Amino acid sequence: MNEKIFGEKEILTDLLCTQKHITSSYNTALLESATPEVASSFHGILEEEHGIQEQIFNIMHSKGYYPTPKAEEKKITEAKQTYRESQPSL
């Protein structure tokens, strides 16, 4: 039998992907809630799920599994310019 053993990085990656899916689903449920009470419940759950997602990301980032290189200043400036140009004039 050919058994695949997953390491810490693969497990954390799977957890983070799952949390992204869960938060997306709760976000949709929140936006489509029929009453303020239901929306409030989903909002609370969504905040908790975002917290879990952040914890997983922070673990992955601290271990070097999810590197976030600093953006180049030129790219930041270009993105700002593109955004300004895409805004409708009032």
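Start with helix 1 (residues 8-31) and helix 2 (residues 36-62), whose axes come within 9 Å and cross at roughly 160°. Axes here are lines fitted to C-alpha atoms, for helices over the stretch in contact, and angles run from 0 to 180 degrees between N-to-C directions. Helices (H or I, at least four residues) and strands (E, at least two) are DSSP runs, numbered from the N terminus.

Before going further, note that this is a predicted model, in which local features need pLDDT of at least 70 and side-chain atom pairs count only at pLDDT 80 or more, while totals for chains, interfaces and linings use all residues. Residues are numbered from 1 along each chain as its sequence is written, and side-chain values use heavy atoms, with hydrogens and water left out.

**Stop 1: the helix pair**

Keep both helices selected. Two packed helices are described by the angle between their axes and the distance between the axes. Helix 1 and helix 2 are therefore roughly antiparallel to each other. The cut-offs are under 35 degrees for roughly parallel, over 145 for roughly antiparallel and 65 to 115 for roughly perpendicular, with the rest oblique. Helix 1 passes helix 2 in a left-handed crossing. That means the near helix is turned anticlockwise from the far one by less than a right angle; clockwise would be right-handed.

Which classes of residue make up the contact of helix 1 with helix 2? The contact has 16 nonpolar, seven polar and two charged residues. Ala, Val, Leu, Ile, Met, Phe, Trp, Tyr, Cys and Pro count as nonpolar, Asp, Glu, Lys and Arg as charged, and the others, Gly among them, as polar.

**Stop 2: the aromatic pairs**

Show the rings next. The whole structure holds two aromatic pairs. Rings of Phe, Tyr and Trp (its six-membered ring) pair if their centres lie within 6.5 Å; planes under 30 degrees apart count as stacked, over 60 as edge-to-face and the rest as tilted.

Select Tyr26 and Phe42: their ring centres are 6.0 Å apart and their planes stand at 45°, so the pair is tilted. Tyr26 belongs to helix 1 and Phe42 to helix 2, so the pair ties together parts that are 16 residues apart in sequence. Tyr26 is partly exposed, with a relative accessible area of 26%, and Phe42 is partly exposed at 24%. Buried means under 20% relative accessible area, exposed over 50%, and partly exposed in between (1.4 Å probe, protein chains only).

Now select Phe57 and Tyr66. This aromatic pair is edge-to-face, with 5.0 Å centre to centre and 75° between the planes. Phe57 is partly exposed at 26% relative accessibility, and Tyr66 is partly exposed at 29%.

**Stop 3: the salt bridges**

Side chains of opposite charge can pair when their charged atoms come close. How many salt bridges does a search of the whole structure find? The search finds two. A salt bridge is a side-chain nitrogen of Lys or Arg within 4 Å of a carboxyl oxygen of Asp or Glu.

Select Glu8 and Lys63, which form a salt bridge with the closest N and O atoms 3.5 Å apart. The pair links distant parts of the chain, 55 residues apart: Glu8 is in helix 1, and Lys63 is in the loop between helix 2 and helix 3 (73-86). Glu8 is partly exposed at 40% relative accessible area, and Lys63 is partly exposed at 41%.

Move to Glu78 and Lys74, a salt bridge with the closest N and O atoms 3.9 Å apart. Both residues lie in helix 3, four residues apart, about one turn of the helix. Glu78 counts as partly exposed at 43% relative accessibility, whereas Lys74 counts as exposed at 59%.

**Stop 4: C-alpha distances**

Finish with the distance tool. From Glu8 to Ile22, 14 residues apart in sequence, the C-alpha to C-alpha distance is 21 Å.

Cys17 is in helix 1 and is partly exposed at 45% relative accessibility. The C-alpha atoms of Cys17 and His61 are separated by 14 Å, and the two residues are 44 residues apart along the chain.

Glu47 is in helix 2. Is Glu47 buried or exposed? At 51% relative accessibility, Glu47 counts as exposed. Its C-alpha atom is separated by 9.8 Å from that of Asn27, 20 residues apart along the chain.
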